[in-house]
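Dear colleague,

I am handing over the structure we spoke about, and the notes below it go through what was found. Please keep it open beside you as you read.

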Amino acid sequence: MKRPILFLILILFSLTTFAQGKKAVEIVFIGNSITQGARLAHPETEGPAPQTVELLREEGYDVKYANRGRSGTTTYDWLPGSGKCFGPMIAAADGLFTPEAEHVFSVMLGTNDSAETRCNGAPVSAEQYEKNVCTIIDTLLTRYPDARIVLNFPIWYSPTTHNGARYLQAGLDRLQTYHPVIRKIAKAYRKRVFTGNKKAFKAFKNHPELFDEENGNSGKFYLHPNATGARKLAGLWCGAIERVIK
């Protein structure tokens with residue numbers, strides 16, 4: 001009889017330890033309209049950022065977050081000093097981060113950098129994209145030395161994308177030149193900066209069912225994920241963050 005009782009005690013102890021030992025994680029999401037959840041009916045719940053948090057909580061993490069995704073932004077808008085988004089992002093991180101938690105910045109920038117017109121600094125070359133991202137990273141890691149940064153790969157958009165800004169095939173081609181830059185940066189900042197899911201671009205390529213169909217200046221285009229697409233993106237982000245915080 002002793003063995004079953006001992007086994008039961010071990011199970012109860014393990015469950016109690018798990019319940020009390022949820023890892024605290026605090027995440028600041030940095031990005032553009034996709035991160036913001038543009039064109040979703042309920043971005044505060046359907047957007048990729050809140051859905052990422054939901055998935056992490058389902059995995060047992062105690063998560064707090066701030067979604068600083070802002071529509072139309074490029075890496076220039078997130079630069080320290082001159083960028084309009086950097087100050088509010090720092091304020092959000094300062095208000096969120098506590099000493100006992102893991103600190104993560106989840107970043108997905110590049111879509112608007114790749115545009116031909118109308119976005120700040122666009123078109124942004126791969127070389128300039130690298131400089132801008134490294135400047136942002138250096139400032140974040142100086143201010144938050146224990147933080148880890150996940151650089152998510154920008155996802156596919158259709159070569160007909162043309163709203164207020166013009167993207168088209170040239171923009172889509174340019175967007176893909178940022179992918180090796182992201183891998184290069186993560187390698188240079190080993191153990192502090194990490195790549196997101198490498199299959200993110202392919203996961204959305206030629207899958208219009210994952211996007212909100214929009215009418216633009218060059219016909220129908222696919223740029224912003226719908227709720228289903230946002231959920232898929234959240235799964236990719238969740239997996240990347242979980243690999244970093246485990």
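In helix α9, the buried residues are G229, A230, L233, A234, L236, W237, C238, A240, I241, E242, V244 and I245. Please bear in mind for this and for everything that follows that the model is a predicted one. The length of α9 agrees with expectation, because its 19 residues should span 27 Å at 1.5 Å a residue, and the C-alpha atoms at its ends lie 26 Å apart. At the N-terminal end of α9 the cap is provided by N226, which places a side-chain oxygen 3.1 Å from the backbone nitrogen of T228.

**Aromatic pairs**

The structure holds 10 aromatic pairs when ring centres within 6.5 Å are taken as the rule. One of them is formed by F29 and W237, whose rings are stacked, with 6.0 Å from centre to centre and 25 degrees between the planes. This pair links distant parts of the chain, since F29 belongs to strand β1 (residues 24-31) and W237 to helix α9 (residues 227-245), 208 residues apart. Both F29 and W237 are buried.

Another aromatic pair, that of F204 and F211, is edge-to-face, with the centres 5.7 Å apart and the planes at 70 degrees. F204 has a relative accessibility of 0% and therefore counts as buried, and F211 also counts as buried, because its relative accessibility is 4%, the cut-off being under 20%. F204 and F211 also belong to a cluster, in which ring pairs link them with W156 and Y222.

**The sheet and the helices on it**

Turning to the strands, there is an open sheet of five, with parallel pairing and the order β2-β1-β3-β4-β5. The edges are taken by β2 (62-67) and β5 (193-195), each of which has a single partner strand, so that one side of each is left without a neighbour in the sheet. From one strand to the next, the twist averages 25 degrees. Strand β4 (residues 148-151) pairs with β5 in the parallel sense over three bridges, and the bridge partner of V150 in β5 is F194.

Helix α5 (residues 86-96) lies across β1, β2 and β3, and runs at about 175 degrees to β1. Helix α6 packs on the sheet as well, where it touches β1, β3, β4 and β5, and its direction makes about 160 degrees with that of β4.

H103 lies in strand β3 and is buried, because its relative accessible area is 7%. The side chain of H103 reaches the backbone oxygen of A101 at 3.4 Å, and a polar contact of 3.1 Å joins the side chain of H103 to that of D146. Leaving out residues up to four places away in sequence, H103 touches E26, F97, T98, D146, A147 and R148.

S114 and T74 are 40 residues apart in sequence, and their C-alpha atoms are 8.7 Å apart in space.

**Backbone geometry**

Most residues other than glycine have a negative phi, and most peptide bonds are trans, so a few places deserve a careful look. The peptide bond that joins A122 and P123 is cis, with omega at about 0 degrees, and P123 is found in the loop between β3 and α6. R39, although it is not a glycine, has a positive phi of about 75 degrees, and R39 is found in the loop between α2 (33-36) and α3 (43-46). L168 is not a glycine either, yet has a positive phi of about 55 degrees. The place of L168 is in helix α7 (residues 168-188), and L168 is partly exposed, because its relative accessible area is 24%.

Methods: Residues numbered from 1 in each chain as written. Predicted model: local features only at pLDDT ≥ 70, side-chain atom pairs only at ≥ 80, totals over all residues. Heavy atoms only, no water. Phe/Tyr/Trp six-rings, centres within 6.5 Å; stacked < 30°, edge-to-face > 60°. Helix = DSSP H or I, 4+ residues; strand = E, 2+ residues; numbered from the N terminus. Buried < 20%, exposed > 50% of the residue type's maximum accessible area, 1.4 Å probe, protein only. Expected span 1.5 Å × (residues − 1). Polar contact = N/O pair within 3.5 Å; in protein donor to acceptor, adjacent residues only side chain to side chain. Pairing = 2+ DSSP bridges. Axes fitted to C-alpha atoms, helices over the stretch in contact; angles between N-to-C directions. Contact = heavy atoms within 4.5 Å.
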